[in-house]
Amino acid sequence: MSARVLLAGSGGREHATAWKLSQSPNVGEIFVAPGNGGTALIGTNLPLKSTDIDGIVAAAKANRIDFYLASSDDPQPLGLVDRLRAGGALGYGPSAAAARIEGSKAWAKGFMARRGIPTAEGESFDNYAGAAAYIESLPEGKLWVKASGLAAGKGAVGCETRETALATAREMLIDRQFGASSDTVVIERDMPGWETSAHAFCDGKTAVLWPFATDYKRALTGGEGLNTGGMGSYSPSAGVSAALAEEVKRVVVDPVIAGMAAEGHPYNGTLFPGIMVTAEGPKIVEYNARSGDPETQVLLPRLESDLYEVARAAALGDLGSVDIRWSARPAVGVVVASRGYPESFETGFPITGLDAVDSGVFVFHAGTKAVEDGFVTSGGRVCTVVAMGETMAEARARAYDNARRISFANAYYRTDIALEAV
């Protein structure tokens, strides 16, 4: 019997995941809460926020969902996997207890200390006086002030001066910039190095790495502007050798699987460590309890295996029973965004060119809404244009050639995605 599969989220990552799941002969209907214009072309969108756990659980029962694949940030720390499993649906994703590795940076900091996982020097605070005293005690240099809870990828602020760090801590702890998510903050010293994104399928006992990807967080070309949810990505990452990949698995992935199991909450689902490769080796920037966006959009086109079969095997604790294969062809993804993102931007503009892309090029929707005669913009990151090639240069050229065909008022994209790799 074909599986009835549920996703929760509305980004390009959910469109890419739904697209990949739809290729499985063992997947029947796909439901996405709330989804976007692209997911509506593949399955059924449910008019529910991804944080509405009661509503999603009720919709899962009504639609006879038998498999849930965790992809977005919010649902797992709120216990969606636990609730769905209790109702009889198989879930590929971490329990609420295991999802604390993303849902609470303060908890994750303590877990890494207990398990000897290398990360930045830092401390957690739930009051401004303590945070300010700690900032004042540190030598002059760049600091990071991070909201402990989920903040849509915008809760980590790099501060070049002590004064900026103090002001940022005040905004989070006293002005409650991110609401309850910044009731506690983590303050860390900067880690010089270069960044890469790892992903792994996890079944509670073992982990299997995906290829590495590189994400571009800053809004503007050249790494300028504010942090965003991600403005583009490419895979495989330049500079990640087989030896480094092996070290990443040994130092920052396997200890999570062993530590979570030892502490009574085995980690099942996709683990996504953001890594800084330093002179001392790989160190953790943060852990995420799901796949990345826009990394997912360039990674899933490279996956040659059946995503549903891999995720189902992992959910059953039997990852070793499936063959996981990846294409050697590189992929580049360019996010086309609304100018002004991640701050203020206008929406509701008609989108043209979505049907003008080359065969084999993917347009994964995010901030789009279906209307009678097409699609209009409904968010900051509107879509990710993804192309593959025999070389990174070919993939990059195809991605940009096709991104230029997508048009709407105030459209913007960075022009330097994957430039370092070519």
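I searched for disulfides (pairs of cysteine sulfur atoms within 2.5 Å) and found 0 in the structure. A disulfide is a covalent bond between the sulfur atoms of two cysteines. The model is predicted: local features need pLDDT of at least 70 and side-chain atom pairs count only at pLDDT 80 or more, whereas totals for chains, interfaces and linings use all residues. Residues are numbered from 1 along each chain as its sequence is written, and side-chain values use heavy atoms, with hydrogens and water left out.

Cys159 counts as buried because its relative accessibility is 0%. Cys383 is also buried because its value is 2%.

Next I looked up the nonpolar cores, which are sets of buried Ala, Val, Leu, Ile, Met, Phe, Trp, Tyr and Cys residues joined through side-chain atoms within 4.5 Å. The largest has 35 residues, and Leu21, Phe67, Leu69, Tyr92 and Phe201 have the most contacts inside it. A second, separate core holds 30 residues, including Ile117 and Phe212.

Finally, I looked for cavities (sets of points on a 1 Å grid over the protein atoms alone where a 1.4 Å probe fits but cannot get out; lining residues have an atom within 4 Å of a point). The whole structure has 1 cavity of 30 Å³ or more. What lines the largest cavity? Among its lining residues I noted Leu69, Tyr92, Phe201 and Ser291.

Notes. Buried means under 20% relative accessible area, exposed over 50%, partly exposed in between (1.4 Å probe, protein chains only). On a 1 Å grid over the protein atoms alone, a cavity is a set of points where a 1.4 Å probe fits but cannot get out, and a pocket is an open set with protein on both sides within 12 Å along at least five of seven lines; lining residues have an atom within 4 Å of a point. Grid points are joined across faces, edges and corners, and a volume is the space filled by probe spheres set on the points.
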